[in-house]
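Here is my note on the charged side-chain pairs. Please read it alongside the model.

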Amino acid sequence: MAADGNLLWISDGGAKTMVWVLDLTTGDTVASFLRVGNGPGESRPVIDIKLEGDRIELFSRSMVPDLFQGNTDSILKSNGKTLKPIHRFSPGTDRLLRLSDTTFLTSGSFEEGRFRWINTLHPDSVIYTGTFADHWSEERSIPTAAKNRFHSARLFRHSGNNLIAVSTPYVLSLFKPSVPQGVEWVKDTLLAEYQYDYQNEGMIRRSKKREHIVNGSSTATANDHHIYLLFDTRTGPTSNDDTYYPLIQVYDWNLNHVRNIDPGCKLSTLTVDANDRYLYALTDLGNDNGPQIVRVAL
């Protein structure tokens, strides 16, 4: 999800029409577009929405990850017909962060480094950069691609100080872009101790946490004020437990823990407005009537 004033942009990769725009003041659907497929006006499931001014980008992660871009006003007036694919990323790309009009920092299952720096003007000139801090001693002998699978990352950028926050289930990190095309590590905060097992069975490769390890952060969102994590301290399956609500952990951009927020219900898919007034999330995911939007005052 992404909040834009009174509008909430929501992607649902399991729906026939994957992107919905809701008016938060009325609850009405303003627009819905982008069907599953490979033709015009179609895409593979969208897993990320980013807003920057009047520009919106939607990232489709699949065997051939695509980035779509458009102007928010034009998309709303045309019901998505002006949304266009602008770049196709290489397989294994999991998340991306725009650094300029033509450069992106991406994370994914890469053997050569933690991040991949891509210039869309020179798509064959790919640079790998960054390493893992290895907060678990046995991790030093695990391949980088396996670490990337376990530390599945979400990437956020502070517009004022150019810091990049990298949120994973167990570690929150800060980096700065460096020249030429690299990243400079700034700081880590260990959210919880972790251990995991890695299996390499040819085409099938898995990284799975050990049973006694807490589930950790399931999602995150950020603005220029704070970083918000939805953190689960349980160790086992979560689907049948209706008595536990993961906490929202709040950090500043120096990675200082500010406070915890108890939402009082199960949440998923957090997003925060630019003014740091409200968090928006989904709840009642298993309800026959569909999920509900929750607004948390900050």
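**Salt bridges**

1. The total is 10 salt bridges, each being a side-chain nitrogen of Lys or Arg within 4 Å of a carboxyl oxygen of Asp or Glu. The model is predicted, so local features need pLDDT of at least 70, side-chain atom pairs count only at pLDDT 80 or more, and totals for chains, interfaces and linings use all residues. Residues are numbered from 1 along each chain as its sequence is written, and side-chain values use heavy atoms, with hydrogens and water left out.

2. Arg95 pairs with Asp48 in a salt bridge, at 3.8 Å from N to O. Arg95 sits in strand E10 (residues 93-98) and Asp48 in strand E6 (residues 46-52), so this pair links distant parts of the chain, 47 residues apart. Strands (E, at least two residues) are DSSP runs, numbered from the N terminus.

3. Are these two partners buried or exposed? Arg95 is buried, at 8% relative accessible area. Asp48 is buried too, at 16%. Buried means under 20% relative accessible area, exposed over 50%, and partly exposed in between (1.4 Å probe, protein chains only).

4. Arg210 forms a salt bridge with Asp197; their closest N and O atoms are 3.1 Å apart. Arg210 lies in the loop between strand E19 (204-209) and strand E20 (216-222), while Asp197 belongs to strand E18 (residues 196-201), so the pair ties together parts 13 residues apart in sequence. Arg210 is partly exposed, at 22%. Asp197 is partly exposed, at 39%.

5. Asp48, Lys50 and Arg95 form one network, joined by salt bridges that share partners.

6. Glu52 and Arg55 also meet in a salt bridge, at 3.4 Å from N to O.

Terms used: Helix = DSSP H or I, 4+ residues; strand = E, 2+ residues; numbered from the N terminus.
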